[in-house]
Amino acid sequence: MTDDSTLPAHSFVHLEPDLCTGCAHCIKRCPTRAIRVKNNKAVIKHAKCIGCGECIRICETGAITASTSELDSLNSDRITIALVSPVLYAQFPGVLPKDILLGLKNMGFTHAVDMSYYFEMFQWATAEYISRNRKTGESPWPLISPVCPVVLRLIVCRFPSLLPHVHPIMRPVALMARDVMSLFKHHYGISDDKILLYYINPCPSKKGVPKKELDQGRLHSTGALGINDIYGELFRQIKNIEKSDKIPFAQAGYEYEQCTSGGGLLWSLSGGEAEATGLDKILAVAGLNETITYLEKIEMGLFKDIEYIEFRTCREGCIGGALNAIDKYMAKSAALKMAKTLGVGTRLNRERVLRLYDSNWFFPKISPQDLKRLGGRQEKPFSFEELEKIEKIVGIIDGKDCGACGSPDCRTFAEDILRGEAFPHECVYLAIRGTRDEEILRIIKS
């Protein structure tokens with residue numbers, strides 16, 4: 001079992017062995033085959049984990065949780081800044097965003113920054129890139145939205161040939177983190193190490209970003225907090241604000257410390273990003289299985305007549321994230337109502353965005369190969385000869401993908417045998433038929 005102290009930097013989930021019953025539900029749900037069951041306990045191959053949260057959803061005992069940060073530093077001498085996704089607003093039906101941002105400050109955050117401002121910047125830059133790409137053909141159609149980090153890691157892990165399709169504009173959270181870090185460094189006249197950024201997160205996919213990604217400007221956040229981690233305390237602070245006789249002003253020092261438009265709330269829903277682009281040739285796909293299916297179709301050469309596809313691995317979009325606090329359909333209703341209350345407007349003018357665009361402000365200093373490496377340490381690919389051996393082993397097993405061996409399916413079990421991570425006698429079908437280990441070992445050594 002892997003101890004947390006030895007986990008790689010991009011470990012997104014934590015397993016508590018004492019709570020694990022070895023039920024094997026998680027190995028069937030993992031899209032990258034990153035989980036095994038050994039000695040009746042789940043074992044997570046963290047290098048293959050993409051942070052989708054499917055194992056968290058399916059685990060009935062609570063043995064698997066998100067590897068989020070601790071909040072001990074709120075009382076330190078450092079400036080602590082909450083980076084707030086509009087998904088958080090949908091967790092508090094009927095509460096205005098300004099009261100939620102104020103509640104975060106009352107919890108101890110120095111600043112609470114609304115991401116809606118950067119969603120708007122991203123959508124302007126995206127529309128401009130697509131317009132120019134029609135003439136230059138720099139990127140292949142369809143462009144794939146970079147907003148969901150799980151989708152990016154899924155592409156790195158299972159569909160690396162689609163990396164050129166990934167939209168090269170920096171994600172809104174990366175734009176926000178870079179801009180906020182720069183602004184508050186100058187505001188307070190301090191260095192980076194005196195500022196802590198916490199992303200208030202609906203899923204476990206933002207934890208543990210490698211330093212190279214920080215240096216390349218894709219994400220400067222030093223920590224991530226699940227919405228469910230802070231929900232109880234934030235709920236209490238909001239109730240105190242509502243009971244107060246004082247009129248609760250947002251106390252915003254900067255424009256993006258307040259939420260004045262409902263547009264960001266629509267981004268928390270499936271289709272919100274695609275709709276915001278204002279383009280015609282767009283698609284919005286939500287759900288992990290659906291995302292995989294459509295990525296397979298793009299890999300086959302389909303959808304070349306589509307310019308942009310918004311992918312979200314969570315059903316209904318980010319409001320369906322594994323770390324949210326309330327039911328996703330209640331959250332969806334709350335988001336739609338609040339968006340209607342605030343109205344959908346714009347705070348930016350196109351000319352300013354174009355100036356930033358032409359100065360390469362929206363583009364990360366990172367190549368597709370760098371992005372591939374950010375997916376973590378990948379297992380060495382099998383050679384042609386090894387693939388032939390795997391096929392022979394699968395043929396001998398002739399099983400039903402039952403998972404009793406501790407691997408998600410027979411082919412993965414065969415791969416594990418070839419890597420020396422599993423043994424033939426662990427398969428019940430081989431045991432029933434009396435197949436001896438030597439028969440498979442001869443294939444491996446041949």
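Helix H15 (residues 384-397) and helix H18 (residues 437-445) pack with their axes 9 Å apart, at an angle of about 165°. The model is a predicted one: local features need pLDDT of at least 70, side-chain atom pairs count only at pLDDT 80 or more, and totals for chains, interfaces and linings use all residues. Residues are numbered from 1 along each chain as its sequence is written, and side-chain values use heavy atoms, with hydrogens and water left out.

- Helices (H or I, at least four residues) and strands (E, at least two) are DSSP runs, numbered from the N terminus.
- Two packed helices are described by the angle between their axes and the distance between the axes.
- Axes here are lines fitted to C-alpha atoms, for helices over the stretch in contact, and angles run from 0 to 180 degrees between N-to-C directions.
- H15 and H18 are therefore roughly antiparallel to each other; angles over 145 degrees count this way, while those under 35 are roughly parallel, 65 to 115 roughly perpendicular and the rest oblique.
- The crossing of H15 with H18 is right-handed, a term for a near helix turned clockwise from the far one by less than a right angle, with anticlockwise being left-handed.
- Which residues make the contact? From H15 come Lys 389, Lys 392, Ile 393 and Ile 396, and from H18 come Ile 440, Ile 443 and Ile 444, where contact means heavy atoms within 4.5 Å.
- The residues of this contact of H15 with H18 divide into 5 nonpolar, no polar and 2 charged.
- In this grouping, Ala, Val, Leu, Ile, Met, Phe, Trp, Tyr, Cys and Pro count as nonpolar, Asp, Glu, Lys and Arg as charged, and the others, Gly among them, as polar.

**Helix H4 against helix H6**

- The axes of H4 and helix H6 (residues 172-188) cross at roughly 120° and come within 9 Å.
- This crossing of H4 and H6 is right-handed.
- On the H4 side, Tyr 118, Phe 119 and Phe 122 take part, and they meet Pro 172, Leu 175, Met 176, Asp 179 and Val 180 in H6.
- The residues of the contact of H4 with H6 divide into 7 nonpolar, no polar and 1 charged.

**Salt bridges**

- How many salt bridges are there? The count comes to 20, taking a salt bridge as a side-chain nitrogen of Lys or Arg within 4 Å of a carboxyl oxygen of Asp or Glu.
- One of them joins the side chains of Glu 54 and Arg 29, with 2.8 Å from N to O.
- Glu 54 lies in helix H2 (residues 54-58) and Arg 29 in helix H1 (residues 25-29), so this pair ties together parts that are 25 residues apart in sequence.
- Glu 54 counts as buried at 10% relative accessibility, and Arg 29 is partly exposed at 35%; buried means under 20% relative accessible area, exposed over 50%, and partly exposed in between (1.4 Å probe, protein chains only).
- Glu 128 and Arg 132 also meet in a salt bridge, 2.7 Å from N to O.
- Both Glu 128 and Arg 132 sit in helix H4 (residues 116-136), 4 residues apart, or about one turn of the helix.
- Is Glu 128 buried or exposed? Glu 128 counts as buried, at 10% relative accessibility, whereas Arg 132 is partly exposed at 31%.
- Lys 332 forms a salt bridge with Glu 316, and their closest N and O atoms are 3.2 Å apart.
- Lys 332 lies in helix H12 (residues 328-342) and Glu 316 in the loop between strand S11 (308-312) and H12, so the pair ties together parts that are 16 residues apart in sequence.
- Lys 332 is partly exposed, at 29% relative accessible area, and Glu 316 counts as partly exposed at 22%.
- Salt bridges that share partners join Arg 33, Glu 391, Arg 411 and Glu 415 into one network.

**A look at Glu 415**

- Glu 415 has its place in helix H16 (residues 410-419).
- Glu 415 is buried, with a relative accessible area of 8%.
- Leaving out residues up to four places away in sequence, Glu 415 touches Arg 33, Phe 382 and Ile 390.

**Apart in sequence, together in space**

- Met 107 is found in helix H3 (residues 97-107) and counts as buried at 15% relative accessibility.
- Met 107 and Leu 234 are 127 residues apart in sequence, and their C-alpha atoms are 7.0 Å apart in space.
- Asn 240 belongs to helix H8 (residues 227-243) and is partly exposed, with a relative accessible area of 37%.
- Asn 240 and Gly 103 are 137 residues apart in sequence and 8.7 Å apart in space, C-alpha to C-alpha.
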